[in-house]
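Subject: Structure handover

Hello,

Please find the structure below. My notes on it follow.

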Amino acid sequence: MFTAEMQESIKKVEATRAERMKTEPRRMTAEEKDTLLKAYHPDYREDGFVEIKIGPNKGQKVPTELGHLLHSNSRLLTDKVDLSKVDYDVDVLVIGGGGAGSSAAIEAHEAGANVMIVTKLRIGDANTMMAEGGIQAADKENDSPVQHYLDAFGGGHFAARPELLRRLVMEAPDAIQWLNKLGVMFDKDEDGRMVTTHGGGTSRKRMHACKDYSGAEIMRTLRDEVINRQIPVVEFTSAVELIKDEKGQVAGAVLLNMETGDYLVAKAKTVVIATGGAGRLHYQNFPTSNHYGATADGLVLGYRAGAPLLYQDTIQYHPTGVAYPAQIFGALVTEKVRSLGAMLVNVDGEAFMHPLETRDVSAASIIRECSDRGKGVTTPLGSGVWLDTPMIEMIGGPGTIEKRIPAMLRMYLNYDIDMRKEPILIYPTLHYQNGGLEIGGDGFTKAIDNLLVAGEAVGGIHGRNRLMGNSLLDIIVFGRNAGKAAAAKAKTVELGTMNIDHVAAYAEELKAAGIESNDVSPLLLPKYARHER
Amino acid sequence: MENMVNVYFFGKKYSVPADLTIMTAMEYAGYTLNRGCGCRHGFCGACATIYRIKGKNELKTCLACQTQVEEGMYVASIPFFPTDKRTYDINEIKPTQQIMMELYPEIYSCIGCNACTKACTQDLNVMQYIAYAQRGEFEKCAEESFDCVSCGCCSVRCPAGISHPMVGLLARRLTGKYIAPETEHLANRVEEINSGAYDELIEQIMQKPITEMQELYNTREIEK
């Protein structure tokens with residue numbers, strides 16, 4: 001399956017393997033990391049960004065593709081919707097059917113609220129389903145929430161909002177216990193102790209996993225629980241705009257049936273935006289590990305309604321996306337592959353870095369290896385470096401790969417690559433939106449006091465880089481919290497008259513700023529269909 | 001000129017590059033996928049697909065995102081299949097053989113044809129995990145079904161009308177909640193946090209100036 005040139009390079013990887021396994025590569029100093037990031041991390045490429053022209057974050061930078069959507073038009077400028085005809089009337093409207101949305105819906109239901117989920121694909125079609133490696137929680141004797149805080153705060157370049165990070169680490173063990181009680185099958189030993197590993201940038205082994213289907217196992221359990229509780233889930237239906245009232249509160253959302261093109265009106269006392277990430281916007285032309293619907297919809301409709309963004313200019317490129325074969329280009333190769341011992345190795349068989357640096361540092365280091373240093377392996381779509389997977393079986397014993405990372409093994413075997421015997425080729429892939437809508441510790445946006453945000457659509461929990469395993473954690477912790485808070489808040493909200501005046505006002509602002517666009521946003525789905533004419 | 005193959009989407013012929021997956025080939029042909037497309041990386045089961053190679057008898061099932069196109073492929077996607085999930089309260093049920101009998105009695109109508117296993121897009125031994133479920137061996141059923149992505153290809157082919165993915169899911173939830181050993185260190189830590197054992201420490205670290213945090217972070221001890 002590998003090309004002749006790749007096979008030549010594999011021989012060099014094999015030749016250095018025994019020697020490499022005797023030593024642990026040095027970790028970079030803080031200064032080295034800083035210099036590396038500035039020179040090679042895509043967040044520092046000026047041409048990948050534009051300035052936001054209007055709204056609360058006016059003057060700040062944003063990825064070009066997201067900026068374009070923020071500067072595009074609402075569908076409801078031309079399409080007219082009768083807001084007096086209400087199709088759904090609920091206490092809590094959850095927009096998004098991933099891990100955060102489902103957790104929010106379960107907790108809102110538990111609190112007695114009339115809650116509904118609306119999602120543009122199916123419930124569970126979300127980045128949560130694809131998270132492979134694991135979920136962090138400081139629940140072992142040598143660990144503490146304080147240590148978890150330090151790792152995450154440093155890994156995020158000291159930019160996380162303390163009130164959000166505190167909640168993340170302090171509620172982590174409870175999140176694991178909640179999932180376990182719902183029936184999530186965590187990897188445990190015969191005495192019930194969690195099998196935990198390191199992730200990039202962790203100082204304690206606190207990565208809990210369900211093989212390498214961690215997110216899938218969590219997501220399918222949450223989905224099953226939502227269905228068992230008979231919480232209404234309106235699938236293949238997108239929220240295209242928030243509805244407000246004359247008091248400035250949010251009052252629901254205008255929905256679009258993705259199959260019929262019909263608009264619907266959902267009225268709600270509180271709204272939770274849980275729309276996830278933006279990988280399908282393909283910033284700087286990167287491939288992505290994200291699901292089909294990751295198009296930053298929630299950021300666009302939240303911003304248009306007046307909610308500020310935070311750290312919208314920081315993106316996570318997962319260091320190990322598939323570089324070869326082309327059919328799975330950009331797909332995630334879980335960090336757990338490195339947690340289990342695989343080293344990053346260049347075309348000459350050299351381990352050019354410690355395999356467990358934080359993701360931003362690792363990605364930048366791989367980009368440097370493949371660009372200025374010229375030590376990448378050429379592939380049909382670019383280049384990549386080796387992830388020396390046979391080391392895993394040498395360290396953990398034969399069968400380790402099949403037992404601990406079966407999804408990775410299966411994905412490569414589909415293309416006749418046996419990662420137990422041969423290394424695999426990887427290159428960074430667009431993975432995670434570090435920034436998003438700004439919230440307070442209680443989950444509410446600061447601008448609109450009955451609008452909440454949870455999951456990847458939030459900015460500030462992780463700062464400017466996120467550690468592995470803190471995203472599955474954040475969707476559970478902040479999803480649950482948002483559900484509880486939304487249910488409680490709904491009891492006191494008195495809605496006025498529904499309107500979407502903010503849509504016209506936003507359009508006026510765009511016009512005043514001299515921006516004209518023929519495109520509409522939110523995007524809803526990426527435009528992948530090829531049309532010859 | 002790229003190497004092209006002829007494929008048939010819902011019976012209509014298209015010429016597409018040979019290195020594409022079924023999913024990207026449909027997009028190349030001009031389809032905008034609203035259904036039958038989810039994670040695009042083999043984890044969500046949205047793109048269950050059935051195909052037959054022209055001139056061959058065998059019907060094959062696959063995930064469109066994980067399968068490369070072939071010459072003469074007749075493709076139909078199955079974006080939805082009415083699998084039958086029964087609802088229950090996870091806190092009320094118990095991991096006894098009885099519960100399968102109550103919720104999914106049709107598993108006892110399995111005729112042993114093994115069509116489910118042959119249809120599995122993940123190469124799981126589906127008939128075996130149904131057999132474990134019949135016998136109330138939930139842990140084994142959970143383990144055997146663990147990699148299931150709920151694409152439903154097994155159920156499409158089942159003459160007994162079994163909703164296999166739902167059976168596996170029930171077994172896994174029962175195993176995770178009731179059968180797997182309890183985690184003492186987790187329960188202890190939750191209790192410590194709830195009793196306020198870390199409140200002061202977390203307040204302290206939140207208040208530290210950035211320079212001090214940088215020093216703490218850069219010199220922290222890393223577990224081997």
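Two residues are in contact here if their C-beta atoms, placed from the backbone, lie within 7 Å. The model is predicted, and local features need pLDDT of at least 70, side-chain atom pairs count only at pLDDT 80 or more, and totals for chains, interfaces and linings use all residues. Residues are numbered from 1 along each chain as its sequence is written, while chains are lettered from A and ligands numbered from 1 in the order in which they are written.

**Where the chains meet**

By that contact rule, 69 residues of chain A touch 61 residues of chain B. On the chain A side, α5 (127-130), α6 (145-155), α7 (162-170), α8 (172-182), α9 (214-228) and α15 (406-413) each supply at least two residues. Helices (H or I, at least four residues) and strands (E, at least two) are DSSP runs, numbered from the N terminus. The largest share of this side, seven residues, comes from α8(A). Its residues divide into 32 nonpolar, 17 polar and 20 charged. Ala, Val, Leu, Ile, Met, Phe, Trp, Tyr, Cys and Pro count as nonpolar, Asp, Glu, Lys and Arg as charged, and the others, Gly among them, as polar.

**A helix pair across the two chains**

Two packed helices are described by the angle between their axes and the distance between the axes. The axes of α8(A) and α8(B) (residues 184-194) come within 9 Å and cross at roughly 135°. Axes are lines fitted to C-alpha atoms, for helices over the stretch in contact, and angles run from 0 to 180 degrees between N-to-C directions. The two helices are therefore oblique to each other (under 35 degrees is roughly parallel, over 145 roughly antiparallel, 65 to 115 roughly perpendicular, and the rest oblique). From α8(A), A:P173, A:D174, A:I176 and A:Q177 make the contact, and from α8(B), B:L186, B:R189, B:V190 and B:I193. By class, these are five nonpolar, one polar and two charged residues.

**A helix pair within chain B**

Helix α4(B) (residues 126-134) packs against α7(B) (residues 164-179) at about 50°, with the axes 10 Å apart. That angle makes α4(B) oblique to α7(B). In α4(B), the residues B:V126, B:Y129, B:I130 and B:A133 meet B:H164, B:V167, B:G168 and B:A171 in α7(B). This contact has six nonpolar, two polar and no charged residues.

**Chain A as a whole**

Chain A has 17 helices and 21 strands. Its C-alpha atoms fill a box of roughly 70 × 55 × 45 Å, taken along the principal axes.

Regards
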